[in-house]
Amino acid sequence: MKVKILGSILTASALFFASPALRTDFAFARDPNKQNIFRLSTSEDIRNTQNELRNGKGPVVILVSGFGGCRNGIFDSGLENCIARSLFQKFRENGIAVYDAEWSSVDATQNFGSDKKFREQMRTIILPSIPDNRPIILIGHSFGGDSVLKAAQDANVIGKRIALLAVLDGVAGGNIRTREAVPANVDYFYNRWTTEGTQVVRLLMNVPVDAKASGKIDLCSARDCRNQHQQSVRRDENGNVRTNLGGLNKESLYHGVGIFGNAAIHDDAYIQASLFELTNSIKLAVDPPSRSDVAGLFRSVNNWVSQTSSPQFVGGFPNFQQAAGNMRGIVSINAKGAVWRDILGRELGDISSDAKKIAAVDEWARANGYAGGLPNFNHARNNNGENVHGAILFKSGLVERRVIDRAADLKNKYEDLEALFRSVDNYAGSQGFAAGYPSMRWTGRGDKIEVVLIKNTGIEKQDVAFSNLVNPPQTPYITITPENNGYFQWMFRNVNTWVDVNHKNYFVGGFPNFQARDYLRGTLSIGRNAGGFKDIPIQELGDISSPHKLIAAVDLWARQRGFAGGLPTFYQARYNGVEVRGAILINPNSAERRLVSQNELNNFEDLEGLFRAADEYANKNGFRAGYPSLRKVGNQGTIEVVLMRKDAVAWNDVSLNDLKSHTSNVVYRIPQLGDPGYIATSTGGTDGVIGIRREISPVLSPDINGKSPIQLTLGLQRKVTHYGQESWQRIPENTQIYIGETIRYVVTASNFSNHPVENLVVFQEIPKNSLYFLNSATLPRFVEGAKLYFSIDGGKTYSEQPMIQVKLENGEIFTQPAPADRYTNIKWDFGSRLPAGTSSSVTYQVLMRDVQKTEAPHN
């Protein structure tokens, strides 16, 4: 390790600063107008510092001073060698987190010897505490320049990127120019040096001693190493050379210790202005501010497109262009080149601002095989209670990605998110594209940005009155009367039940075409490769007060999420207090949408007649089936229909008796509940492991009378209310159980022998069409040493608290308790023994779920 020294001329001042009494006041200074030095003296200080770095937002700037640092009080204010004070102030005024450090210690507790302590503190405390979504900016002067180069090398070892690394006249051990290499984890390297040494002592000993040599770092592996230049004269913030003597003499720029004005390189106005511009560019790249309700306008545009545009458009986004009359520019996106999808929030990472959400969705799209993506800023919770976010995902061929220059191509017009969108849209037009948007991926110092350019075949641009965007049409459906509500809904429910009971391995659901001949009714079954089933919360559907409104709402919901269409099953349920409606969603490649003249649909008098007309139109035009979306789209006299391809649907004529024979609200029938045939079986031996089986076989060792010592019975209970009091009531055999109902299973173990049974263990598989209620399983009463275990892998392994591993966006893996929907099996250990002639019961509760996935209980 090389020791850095400044020479004998500064020995006295170095000894002066070594005084602990004098250093203590400065070491922990937190005056935002002067200094902001890290606190690392105690374990509590370290924890507070780490939390501050982890919880903050935007770039983290660390200014690393050379010898003397922020504590040099020889001349005046004590801040002569404290690096870049006007830059420090400007960072603070613009909300950029900035900290002071010294070349030999991050917390300014020493300023002599070597930078070993500085590097250790940076490597073990500071850098690991800064999350990946906060750009790291290191700026060092003199010895501090050499130290930040080494800190960047250490950051490379621990996998941290440095957005900007700036060195101002860097000096290494022996007082010579630093030659430390710039590692590959640095995005942008900025380097300035002067040929003039230290102003005060240069006649006795120049610092650096090789000041006349070039300060360029040749071993530079940063993404951008071009900004390395000598600057030996002072400049104002606009880059103009400062002069004196009436303009005859250029003012020199020195290494440090400037007593004649701010003549030290780290105080130069132009250098500080340049560093601020670079840092602010990085800040804007990470999180440009929104001056208006960006998210709200995105939502309004998407709602407007989905409710008023023709079927070929999947959604849209604002380009933030404005025209006279408060008109706003919108971009409608063709469904042939894009899809709509809900993305789990945990898969997106940091979406704490509008800009970060745009960046996260676009990054997710690219990682999942799409050419790009934009959020629609709609969000909800799925059936598992997880946050999901709507997104438009572009297919390859519709868009082109480019990295462009912010100055030359965007004219530096990106002071906020709205202006950035306008600038990218203008650039797209100048390059022959229809529209474009920023991906929010900036490179290097923030001088370049990646943009997504959309081709002319993929979109349609319109100017729409802002009032129409904020208040879209309130009745986006066709009114058909009369509706024949009872029979219409009965047919939908019973066709779906018939499909589920008879063909659920091949079809996801179905709907009636309302064709009839004698006692036969036409049914259409949708293949599993052509669609899927979904329970939709009613708050996401809007007005569903009549059958035709429910059909229109489900179809709109499906379109907004990238499906070709959707139909309700007319089932309803309640999950965890949330009312839902069942729906079948049709995959994009399984159907197409058309606007059809009413004249082509023949005459229809009611809703059933319109369904028949749409079905007949589909058959005439080479499709297997069709249905009306019931959405008001296009011109007067046209109706939108969804036409399903032949390989997506099967037609069956089903008798009314077959449709009637299936009760539409039954999840399953309970076979012989409480039957003593549910007994314990074992691999043999008095201490065998017991499992619930649907069979009768020898259990453990027979007693002297040849009977099994243990008998297990399985019973079911539901909650009932009498006079305001809730209680559990046994469910008789062959009783209907409903979706959304809470059921309690009761397992009773009875020892009918004349001796205790030891080490009794009972297993129960949680029914696959149910959701286990966490903490609902009970232990056997009056049994010592009883324990409870759970499995999340189908009974292969058990533990008292199942855990799962979750991978974060930054690659970090952490362990957390498994959610309820992962639980598959329960195991009860009845302790050391179950006494002779006794019975003991255990219970657990489940929520009955999706009718499309129902099965008989697994015992």
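How many bridges join strand S26 (residues 625-628) to S27, and in which direction do the two strands run? The structure is a predicted model, in which local features need pLDDT of at least 70 and side-chain atom pairs count only at pLDDT 80 or more, whereas totals for chains, interfaces and linings use all residues. Residues are numbered from 1 along each chain as its sequence is written, and side-chain values use heavy atoms, with hydrogens and water left out.

Strands S26 and S27 run antiparallel and are joined by 4 bridges, where strands are DSSP runs (E, at least two residues) and helices are likewise DSSP runs (H or I, at least four), both numbered from the N terminus, and where two strands pair if DSSP finds at least two bridges between them. Within this pairing, Tyr-627 stands opposite Val-642 in S27. Strand S25 (residues 591-597) also runs antiparallel to S27, to which it is joined by 7 bridges, and here Arg-594 stands opposite Val-641. Of the 7 residues of strand S27 (residues 638-644), 6 are buried, so the strand is largely enclosed by the rest of the structure; buried means under 20% relative accessible area, exposed over 50%, and partly exposed in between, with a 1.4 Å probe and protein chains only.

An open sheet is formed by 3 strands in the order S35-S40-S37, with antiparallel pairing. Strand S35 (761-765) and strand S37 (787-791) stand at the edges with a single partner strand each, so one side of each has no neighbour in the sheet. Neighbouring strands of this sheet are turned by 20 degrees against each other on average, direction ignored, the axes being lines fitted to C-alpha atoms (for helices over the stretch in contact) and angles running from 0 to 180 degrees between N-to-C directions. Strand S35 is joined to strand S40 (residues 825-829) by 5 bridges, and Glu-765 stands opposite Asn-825 in S40.

A search of the whole structure finds 25 aromatic pairs, for which rings of Phe, Tyr and Trp (its six-membered ring) must have centres within 6.5 Å, planes under 30 degrees apart counting as stacked, over 60 as edge-to-face and the rest as tilted. The ring centres of Trp-103 and Phe-143 are 4.9 Å apart and their planes stand at 65 degrees, so this pair is edge-to-face. Because Trp-103 lies in the loop between strand S2 (97-102) and helix H5 (116-129), and Phe-143 in helix H6 (residues 143-157), the pair ties together parts that are 40 residues apart in sequence. Both Trp-103 and Phe-143 are buried. For Trp-828 and Tyr-844, the centres are 6.1 Å apart and the planes at 40 degrees, so the pair is tilted; Trp-828 belongs to strand S40 and Tyr-844 to strand S42 (residues 839-848), 16 residues apart. Trp-828 and Tyr-844 are both buried, and they belong to one aromatic cluster that includes Tyr-745, Tyr-772, Phe-790 and Tyr-823.

In helix H4 (residues 85-93), the buried residues are Arg-85, Leu-87, Phe-88 and Phe-91. These residues cover an arc of only 160 degrees around the axis, taken from the directions from the helix axis to the C-beta atoms, which puts them on the same side of H4. Arg-85 lies over the face of Phe-88, at 4.3 Å from the ring centre, a charge being counted over a ring if NZ of Lys or CZ of Arg is within 6 Å of the ring centre and within 35 degrees of the ring normal.
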